[in-house]
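Welcome! Keep the sequence and the 3D view open as you work.

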Amino acid sequence: MRKFLRDNGLSLAFGLLFLLALIGQAFAGHADFNDRQIAGGGAPTGLLEYLTSADFAVDVAENWQSEYLQFLLYVVATVYLIQRGSPESKPANRIGPESNRDQMVGSHATARSPKWARAGGWRTAVFSRSLGLVMGLLFLATWTAQSIAGLSAYNAEQLLAFADPVTWPDYLVSADFWNRSLQNWQSEFLALGSMAVLSVYLRQRGSPESKPVGAPHAATDETG
């Protein structure tokens, strides 16, 4: 058990933090929702009713889609774009998908390489891009969920204001949908760009996301 906890500490810790934060968001969001309901002359709702409402679903989904977008862009962009001196960037002479020898696929795979890396053909082609593909699918799925939940929440507000509800295509081009999306995207882009630049000049001793403390600022693709 101790070995399992040590070997999986990162995923277990973040899984636990995710659940705690989601539970906290549920209670805080419920309180905020009822405050707005009362201020608008409505009746407060129960926690279970709030958790199954479009308001809670859209708040959760819009953050999930922006996080998966962040990882999708970073995984794909770092294939072709570099930041000299960043530990998370490749050096200039490795820009692009690299050779089969560098990536240990096909005849260059070892006995310990994943099966699909040794298979060749379409299986190796798909496995070579599987991380970006899955991140892209998760982004599209969560973005779709956000649009559907957002439509329901938006139309509920429209009905309270005695206005006509809108259709899903109308909501996809609405200011509400893009305001929800872009306010999350801009923060993700800022965080990624800050990490790329700050990791050139700053260090976190012992972290694989940082260069070794004594590494030169210009050293690229080095982790501590």
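Two rings of Phe, Tyr or Trp (for Trp, its six-membered ring) count as a pair if their centres lie within 6.5 Å; planes under 30 degrees apart are called stacked, and planes over 60 degrees apart edge-to-face. Please bear in mind that this is a predicted model.

**Exercise 1. Find how many aromatic pairs the structure holds, and classify the pair of Trp 116 and Trp 122.**

Step 1. Searching the whole structure gives 13 aromatic pairs.

Step 2. For Trp 116 and Trp 122, the centres are 5.3 Å apart and the planes make an angle of 80°. Planes over 60 degrees apart count as edge-to-face, so this pair is edge-to-face.

Step 3. Now look at the surroundings. Trp 122 is exposed at 58% relative accessibility, while Trp 116 is partly exposed at 33%.

**Exercise 2. Classify the pair of Trp 143 and Phe 177, and say which helices it links.**

Step 1. Here the centres lie 5.7 Å apart, with 20° between the planes, and the pair is stacked.

Step 2. Trp 143 belongs to helix α8 (residues 130–160) and Phe 177 to helix α10 (residues 175–201). The two residues are 34 residues apart, and their pair links distant parts of the chain.

Step 3. Phe 177 has a relative accessible area of 2%, which makes it buried.

Step 4. Widen the view: ring pairs join Trp 143 and Phe 177 into a cluster with Phe 139, Tyr 154, Tyr 171, Trp 178 and Trp 185.

**Exercise 3. Compare two salt bridges, Lys 3 with Asp 7 and Arg 180 with Glu 62.**

Step 1. Recall the idea behind them: side chains of opposite charge can pair when their charged atoms come close. The count for this structure is 9 salt bridges.

Step 2. In the bridge between Lys 3 and Asp 7, the closest N and O atoms are 2.9 Å apart. Both residues sit in helix α1 (residues 2–7), and because they are 4 residues apart there, about one helical turn separates them. Lys 3 is exposed at 55% relative accessibility, and Asp 7 is partly exposed at 42%.

Step 3. Between Arg 180 and Glu 62, the closest N and O atoms are 2.8 Å apart. Arg 180 lies in helix α10 and Glu 62 in helix α4 (residues 54–80), so this bridge ties together parts that are 118 residues apart in sequence.

Step 4. Arg 180 is buried at 16% relative accessible area, and Glu 62 is buried at 8%. Both belong to a network of salt bridges that also links Asp 59 and Asp 176.

Note on methods
Residues numbered from 1 in each chain as written. Predicted model: local features only at pLDDT ≥ 70, side-chain atom pairs only at ≥ 80, totals over all residues. Heavy atoms only, no water. Buried < 20%, exposed > 50% of the residue type's maximum accessible area, 1.4 Å probe, protein only. Salt bridge = Lys/Arg side-chain N within 4 Å of Asp/Glu carboxyl O.
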